[in-house]
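Subject: The structure we talked about

Hi,

Here is the structure I promised to pass on to you. Have a look at it first, and then read on for what turned up.

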Amino acid sequence: MNDHALAAHLATEAGRLLLRVRQEFADADAGERKAAGDKRSHDFLMKALTKHRPADAVLSEEGADDPVRLRSERVWIVDPLDGTREFSELDRADWAVHVALWQSGDLVAGAVALPAQDITFATPEVVPPPVTLDKPRIVVSRTRPPAIALAVQAALNGTLVEMGSAGAKVASIIQGLSDVYVHAGGQYEWDSAAPVAVARAAGLHTSRIDGSALSYNQRDPKLPDVVVCRPEFADAVLAVTR
């Protein structure tokens, strides 16, 4: 299968595995559930990538960072379980699996699975979101909304939508449930690579908060800020965040 199909397949299957883990650990404490989910999804993705793309490097949140990726033309950037807090809460659906491929300087394929919603968004084609309301909806963390997102909300006279995982937040824009996602201060490449790849395929704006391009497979995998939004809101958002 091609890279797009493989990304979609891996994210979807890892998500199904996580649903089984969630059921298996339904009576365990949240910490055990999180740990089991992270490990089993990571192990599955690493084994599958070794089988299907043995020559490619991998950067995973749950794995040791192998510097060989910096000399590689193709690097898979994965988050085996994005939104562990939400995964551990059995009634929540806002968690995700991220699988993206970086090749020769840019993201070329990606998939975001929302297992509890039975949805996977994947490149190369993603249906653009429906027409939005006049008042933009800014999607933020339900536990720690960043000040920059609150500033955007105030400047655009928007409303807040609370949600868990970064992948679920970006997916909510594609789903027509929100319009703007702004984050600053504390993310890594695996948090945004697959969501950004999928967002681009849906025709959304993606950038750093200063408007510059998002760069992946860097020596330091920290990538602390991101803007993903409907293109008609990009100028107004960046006027606040720059």
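A residue is called buried here if its relative accessible area is under 20%, exposed if over 50%, and partly exposed in between. Please keep in mind that this is a predicted model.

Let me start with the charged pairs. Side chains of opposite charge can pair when their charged atoms come close. The whole structure holds 12 salt bridges. One of them joins the side chains of Arg53 and Asp3, with 3.0 Å from N to O. This pair brings together distant parts of the chain, as Asp3 belongs to helix α1 (residues 3–24) and Arg53 sits in the loop between α2 (30–52) and β1, 50 residues apart. By the cut-off above, Arg53 and Asp3 are both buried. They are also members of a network of salt bridges that links Asp3, Arg53, Asp56 and Arg74.

Two other salt bridges are worth a look on your screen. Asp179 pairs with Arg137, and their closest N and O atoms are 3.0 Å apart. Asp179 is in the loop between α5 and β8 while Arg137 is in strand β6, so this bridge ties together parts that are 42 residues apart in sequence. Both partners, Asp179 and Arg137, are buried. Then there is the salt bridge between the side chains of Asp225 and Arg208, at 2.8 Å from N to O. Here strand β10 (residues 225–229) supplies Asp225 and the loop between β9 (205–207) and β10 supplies Arg208, so parts 17 residues apart in sequence are tied together. Asp225 counts as buried because its relative accessible area is 9%, whereas Arg208 is partly exposed at 23%.

Next, the strands. Is strand β1 (residues 57–60) covered on one side or on both faces? Both: Ala57 and Leu59 on one side are buried, and so are Val58 and Ser60 on the other. Strand β1 runs parallel to β2 (residues 74–82), and four bridges join the two. Within this pairing, Leu59 stands opposite Ile77 in β2. The loop between β1 and β2 contains Ala64, which is exposed, with a relative accessible area of 74%. The C-alpha atoms of Ala64 and Val108 are 23 Å from each other, and these residues are 44 apart along the chain.

The largest pocket has a volume of about 560 Å³. Its lining has 29 residues, and those nearest its centre are Asp82, Arg144, Gly164, Gln187 and Asp191. Elements that give two or more residues to this lining include β2, α3 (84–88), β6 (137–141) and α6 (189–201). The largest share, four residues, comes from β8. Sorted by class, the lining has nine nonpolar, 10 polar and 10 charged residues.

Last, the aromatic rings. How many aromatic pairs does a search of the whole structure find? There are two. Phe87 and Trp95 make an edge-to-face pair, 5.0 Å centre to centre with 80 degrees between the planes. Phe87 is buried at 0% relative accessible area, and Trp95 is buried at 0% as well. Tyr188 and Trp190 form a stacked pair, also 5.0 Å centre to centre, with 10 degrees between the planes. Tyr188 is partly exposed at 31%, while Trp190 is buried at 10%.

Best wishes

Conventions: Residues are numbered from 1 along each chain as its sequence is written. This is a predicted model: local features need pLDDT of at least 70, side-chain atom pairs count only at pLDDT 80 or more; totals for chains, interfaces and linings use all residues. Side-chain values use heavy atoms; hydrogens and water are left out. Rings of Phe, Tyr and Trp (its six-membered ring) pair if their centres lie within 6.5 Å; planes under 30 degrees apart count as stacked, over 60 as edge-to-face and the rest as tilted. Buried means under 20% relative accessible area, exposed over 50%, partly exposed in between (1.4 Å probe, protein chains only). Two strands pair if DSSP finds at least two bridges between them. On a 1 Å grid over the protein atoms alone, a cavity is a set of points where a 1.4 Å probe fits but cannot get out, and a pocket is an open set with protein on both sides within 12 Å along at least five of seven lines; lining residues have an atom within 4 Å of a point. Grid points are joined across faces, edges and corners, and a volume is the space filled by probe spheres set on the points. Ala, Val, Leu, Ile, Met, Phe, Trp, Tyr, Cys and Pro count as nonpolar, Asp, Glu, Lys and Arg as charged, and the others, Gly among them, as polar. A salt bridge is a side-chain nitrogen of Lys or Arg within 4 Å of a carboxyl oxygen of Asp or Glu.
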